[in-house]
Amino acid sequence: MKVFRLTLWLGLLPLMFTACATIAPPQPPSLDLPKPPADLRATRKGDRVILTWTVPEATTDHQTIRSVGPTRICRTVAAGLQQCGTPVGEVASPMNPVAANSSRQKATASYTDTLSREVESDVPAATTTYAVEVFNREGRSAGLSNRVLVPLIRTLPAPRDFQASVTGQGVVLHWGGVTPPSLPNVRYVFRSYRRLQGEPQWSVVGEVPVTNERPLTLTDSDIEWEKTYQYRIETVTLISEAGKPDVQVEGDDTHIDTVLAHDVFPPAVPSGLQAVFSGPGQSSFVDLVWAPVPDIDLAGYNIYRHDAGAAMKINAELVKTPSYRDAAVESGRRYFYSVSSVDVRGNESQRSSEASEKVP
């Protein structure tokens, strides 16, 4: 019996040491303080500042966050921003920030702050500093996010009377001018944008310096016919500083104008038409030549002829080159010729000036 008890005790001895080795010192409970965002971004548009940041998913001690409370929006025009003080706004608690982490998509938040006329400035170098402070459900935070600087320069209003219209040269934008203030190292431009209807992406069409001239125009020739486009214009304030890229502050947009680039515009009228008889001793014919029409959507030409009556088209199919030989002529008659150009959508130009030739 003693031998059995000793054997049993020796068999349990390793298990006892193993169990003792797994015991660790107790860890303090997590304070559940949201890790401050480090990717705060700011975009200025007119008198609005749009702030965006990633909602914290972890605490300062690298634990999965249990709860996120409201986020305060901090702003100051003084040098530096160490504490939030009186916030300019607040964003409510997100519904469930950790759920976004499970799908590997980080949740983002945003806030739009409106600058008052008293806050905006006529001093080109004036700026304001933004930060956000994220709290937990108990109203505690780990401090401010990264800081971002935003220019406080006043922007110009959107141009009035904006309109887009279709011409043979493309879409022409019309708008009224704006009288800009005279500030050192500051200039202003009208920037126009275009997108295909139904698509989110805007592309820049061009820029025109801001003046008080009326009206101003800009032609967008880089279009495709039979497509619907949307246009808008904004005023942009450009602040220059030696050795640095211009600081750009976008102003408000005009309304969006939508146009269908429907091509009902004929190509250019042919010019320089000449008619020459072939000469004696050969089959009778009249050669026609003219200057080529440069329109990129040109499909060909029509040839018209008359002698005593109304002019009639004499080609069965469009003529692809700026020349034509009329072999259906009779001796002793004078023929009058004219030429028109036709584009790929069937729009036909007016006829050229006439050229005549007599067949001996």
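**Figure 1. Aspartate 246 and its partner arginine 187.** In this predicted model, aspartate 246 is partly exposed, with a relative accessible area of 30%. Its side chain meets that of arginine 187 in a salt bridge, with an N to O distance of 3.1 Å.

**Figure 2. The salt bridge between glutamate 207 and arginine 191.** The closest N and O atoms of glutamate 207 and arginine 191 are 2.7 Å apart. Glutamate 207 belongs to strand 12 (residues 203-209) and arginine 191 to strand 11, and this pair links distant parts of the chain, 16 residues apart. Arginine 191 has a relative accessible area of 9%, and it is therefore buried, since the cut-off for this class is under 20%. Glutamate 207, at 40% relative accessibility, counts as partly exposed.

**Figure 3. Arginine 333 and glutamate 330.** These two residues form a salt bridge in which the closest N and O atoms lie 3.2 Å from each other. Arginine 333 is partly exposed, with a relative accessible area of 34%. Glutamate 330 is partly exposed as well, at 46% relative accessibility.

**Figure 4. A network of salt bridges.** Five residues are linked here by salt bridges: Lys45, Arg232, Glu234, Glu250 and Asp253. The count for the model comes to 23 salt bridges.

Methods
Residues numbered from 1 in each chain as written. Predicted model: local features only at pLDDT ≥ 70, side-chain atom pairs only at ≥ 80, totals over all residues. Heavy atoms only, no water. Salt bridge = Lys/Arg side-chain N within 4 Å of Asp/Glu carboxyl O. Buried < 20%, exposed > 50% of the residue type's maximum accessible area, 1.4 Å probe, protein only. Helix = DSSP H or I, 4+ residues; strand = E, 2+ residues; numbered from the N terminus.
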